[in-house]
Each structure stands twice: as C-alpha cells, then as structure tokens.
Amino acid sequence: MSDISSESTVPATGAARRALIGVARRWPTWCGLAAAGLSALDLGDGRGQALVVFLAALIYLGTAVVGRPGVVWPLFGASVVAVTLLRLLDADPWPALVGGAVSIAVIGLVDGLLRRPRLTAAQFPAMLVFGGAALIAMSLSPAVGGYLVAAALIAHGTLDIVVWRANKVVARSLAEFCAVLDLTLGVAILVLI
C-alpha cells in the first residue's frame, strides 16, 4: 500500500519542482513587475515616470557604447544608486542625467557607434527619441505629459522585446526586466491618469 502512495507522490513532487524552476527562471519578469508596482505607488500624473524612460534609454546607450551586454546590470545598479543619492541630497537628477547622456553619446559617436550592427547603432537615435520625449513630457500639462510618458514607456517596452528576441545589445535578463517594467508601467499610467 505504501508503494502506491509513494509513486503518486513522486510525479506531484516532480511537477511542483519543475513549476518552481519555471517560476525561478522568470526572475526578471517578477522583478520588473515589482519595480512597476513600486513605481505605480508614486504615479502622480505619470510625468514623474519620465525618469524611468530616460534611464532605460541611457542604460541601453551606455551598454551599446561599451559593446558588452553584460555590463548593463552594473550600469543599471549605478544609475539607481546615483539617482537615489541625488534625491536624498535634494538635488535635481536631471542635469546629471542629461549631461551623462550627452557625454556617452559623444563618446559613442567618436568611437564609431553608428557603424556597429544595426540594433546596437539604433541606441543612439533611441536615446534622442526617448530622452527627448521624457524631457518634453515634464514641460507639458499633466494629462498630455502623462500620456507622452506612457507612450514612450510602451514604445521602449517594444524595443526591449526586440532586443530580448535578438539577444543583442544588453543581457537578456535586463531586456526582460525592462520590457515588463516599461509595458506594465505604461499601461498603468494610461489606466490610472
């Protein structure tokens, strides 16, 4: 009798283990959802999330300039720490972010970024478009600015998916995290504002 019950337990344990492994493999998705949830707590009119759009484009550009997809997570961590420190010091992070973006763009242009493979080179105009949208959104009315930020997040989420599928420019785990964060936050802004 005990043999029958142990046989029925093994497949259930095996299935549970496979399910747990499957969930664990999607850790970037879960982290992206958590980050979107935390960001949504401070949603306001949506324009404050322009920082997310700008940082996403800046981190992708920095990684493209360096030319090593694995450097994206350290760049992400450094960006989060830098923005957090600036906010704790009551300093506006935008001048530093714009200055950093201009510096990285110039370095990339001098280093031949636009002559690299298409998806890598595309990070330069992507920075211009997404960075510009983020900056413009903050100067618009709350409703229009919020919609612009939502559109930029959703558009960058689409870029994240392209990058994830190509397995180029940034580490796939960051592309997955960013896609979930951008798309979820963009839709949340559209629904909540």
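**Exercise 1. Classify Val129 by its accessibility: is Val129 buried or exposed?**

Solution. Val129 is found in helix α7, where helices (H or I, at least four residues) and strands (E, at least two) are DSSP runs, numbered from the N terminus. The structure is a predicted model, in which local features need pLDDT of at least 70 and side-chain atom pairs count only at pLDDT 80 or more, while totals for chains, interfaces and linings use all residues. Residues are numbered from 1 along each chain as its sequence is written, and side-chain values use heavy atoms, with hydrogens and water left out. The scale is as follows: buried means under 20% relative accessible area, exposed over 50%, and partly exposed in between (1.4 Å probe, protein chains only). Because its relative accessibility is 55%, Val129 counts as exposed. As for its position, Val129 lies 23 residues from Val106 in sequence and 16 Å from Val106 in space, C-alpha to C-alpha.

**Exercise 2. Repeat the classification for Glu176: is Glu176 buried or exposed?**

Solution. Glu176 has its place in helix α9. Its relative accessibility is 10%, so Glu176 counts as buried. With neighbours within four places in sequence left aside, Glu176 is in contact (heavy atoms within 4.5 Å) with Arg26, Pro28, Thr29 and Trp164.

**Exercise 3. Describe the largest nonpolar core: how many residues does the core have?**

Solution. A nonpolar core is a set of buried Ala, Val, Leu, Ile, Met, Phe, Trp, Tyr and Cys residues joined through side-chain atoms within 4.5 Å. The largest one has 48 residues, and Phe54, Tyr60, Leu97, Val163 and Val170 have the most contacts inside it. At least two residues of this core come from each of α2 (27-41), α3 (50-66), α4 (72-88), α5 (94-110), α7 (123-139), α8 (142-166) and α9 (172-192). The largest share, 14 residues, is that of α3. Val170 touches Tyr60, Thr63, Pro69, Val72, Val163 and Ala175, residues up to four places away in sequence not being counted.

**Exercise 4. Determine how α3 packs on α9: at roughly what angle do their axes cross?**

Solution. Axes are lines fitted to C-alpha atoms, for helices over the stretch in contact, and angles run from 0 to 180 degrees between N-to-C directions. The axes of α3 and α9 come within 11 Å and cross at roughly 160°. Therefore α3 is roughly antiparallel to α9; the classes are under 35 degrees for roughly parallel, over 145 for roughly antiparallel, 65 to 115 for roughly perpendicular, and oblique for the rest. The crossing is left-handed, a term that applies if the near helix is turned anticlockwise from the far one by less than a right angle, with right-handed used if clockwise. On the α3 side, Val52, Ala56 and Tyr60 meet Leu174, Ala175, Cys178, Leu181, Asp182 and Leu185 of α9. These residues divide into 8 nonpolar, no polar and 1 charged; Ala, Val, Leu, Ile, Met, Phe, Trp, Tyr, Cys and Pro count as nonpolar, Asp, Glu, Lys and Arg as charged, and the others, Gly among them, as polar.

**Exercise 5. Treat the pair α3 and α4 likewise: which residues make the contact?**

Solution. The axes of α3 and α4 come within 10 Å and cross at roughly 140°, so α3 is oblique to α4. Their crossing is right-handed. From α3, the contact involves Leu51, Leu55, Ile59, Gly62 and Thr63; from α4, Val72, Leu75, Phe76, Ser79, Val83 and Arg87. By class, there are 7 nonpolar, 3 polar and 1 charged residues.
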